[in-house]
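Colleague: I have a model open and would like to learn how to read it. Could you take me through it step by step?

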Amino acid sequence: MNASQMSTGRYDIQSLAQAMRVCSALDAVPLNLTEAQWTTLGDYLQPVSLQQGQVLIEQGVKDRTVYFVESGSLTVHYEDDKDRVRIAVVGAGSILGEGAFFSHLPRSATVNAGSHARLWCMTPLRFRELSTRYPSIALDLTVAMAAVLARRMYHKPKRVAVT
């Protein structure tokens, strides 16, 4: 994440919580926290704002940051070994980056903002801090991210969204 991606606008973690509550997509994040727990989680997340076309994640880069989508849409694409481009779209209430977060492997795809997008990111260091101070929230978050990863892996068209 670079300086131009940092938000200068006002973010409210409850807007992310609402996006996750109402999302009905296959890769919705099933994270059921109380308002107080969301506020605590928000202390470990950093807001990010992207303009249409901006790159969030680059294929092949070693980075384990995970992103929670509050609003907007993002396109995920990669070229396979036969030069075919595969694309998925991820919207509000979902996540990006869970594949590298769990696997410690380089990013498997590139992600661009398909529209203006508001996200929240969490680095592995901040996740470790959350795990130490609030293990129940960290466990709930881990299970929710793993559920999204598993659903994407089972649903072939959404596999490309595993970044």
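Modeller: Start with strands. Two strands pair if DSSP finds at least two bridges between them. Helices (H or I, at least four residues) and strands (E, at least two) are DSSP runs, numbered from the N terminus. Here β1 and β8 run antiparallel and are joined by five bridges. One caution first: this is a predicted model, where local features need pLDDT of at least 70, side-chain atom pairs count only at pLDDT 80 or more, and totals for chains, interfaces and linings use all residues. Residues are numbered from 1 along each chain as its sequence is written, and side-chain values use heavy atoms, with hydrogens and water left out.

Colleague: How confident is the predictor, and which stretch has pLDDT below 50?

Modeller: pLDDT is the predictor's confidence in each residue, from 0 to 100. The mean for this protein is 89, and 93% of its residues reach 70 or more. Residues 1–9 have pLDDT below 50. That stretch still has 18 contacts in the model beyond near neighbours in sequence; contact means heavy atoms within 4.5 Å. Where pLDDT is low, the predicted coordinates should not be read in detail.

Colleague: Back to the strands. In what order do the four strands of the open sheet lie?

Modeller: Strands of a sheet pair through backbone hydrogen bonds, either parallel or antiparallel. In this open sheet the order is β1-β8-β3-β6, with antiparallel pairing. β1 and β6 (95–96) are the edge strands, each pairing on one side only. Two bridges hold β3 and β6 in the antiparallel sense. For landmarks, find Gln-46 opposite Cys-121 in β8, then Tyr-67 opposite Leu-96 in β6.

Colleague: Is strand β1 mostly covered or mostly open?

Modeller: Mostly covered. Four of the five residues in β1 (residues 46–50) are buried. Buried means under 20% relative accessible area, exposed over 50%, partly exposed in between (1.4 Å probe, protein chains only).

Colleague: Which residues of α2 are buried, and what covers them?

Modeller: Trp-38, Thr-40, Leu-41 and Gly-42 are buried in α2. Their cover includes α1, β8, α4 and α5. Take Leu-41: not counting residues up to four places away in sequence, Leu-41 touches Leu-31, Leu-33, Met-122, Leu-130, Ile-137 and Leu-141. Thr-40 counts as buried because its relative accessibility is 16%. Leaving aside neighbours within four places in sequence, Thr-40 contacts Tyr-134 and Ile-137.

Colleague: What does Ile-13 touch?

Modeller: Ile-13 sits in helix α1. Its relative accessibility is 9%, so Ile-13 counts as buried. Not counting residues up to four places away in sequence, Ile-13 touches Trp-38, Thr-39, Gly-42, Leu-45 and Trp-120. The C-alpha atoms of Ile-13 and Thr-39 are separated by 6.6 Å, although these residues are 26 apart along the chain.

Colleague: How many aromatic pairs are there?

Modeller: A pair of aromatic rings is described by the distance of the centres and the angle of the planes. Rings of Phe, Tyr and Trp (its six-membered ring) pair if their centres lie within 6.5 Å; planes under 30 degrees apart count as stacked, over 60 as edge-to-face and the rest as tilted. A search of the whole structure finds three pairs. The pair Phe-101 and Phe-102 is edge-to-face because the ring centres are 5.4 Å apart and the planes are at 85°. Phe-101 and Phe-127 are also edge-to-face, at 5.3 Å centre to centre and 90° between the planes.

Colleague: Is Phe-102 buried or partly exposed?

Modeller: Partly exposed, because its relative accessibility is 31%. Phe-101, at 5%, counts as buried.
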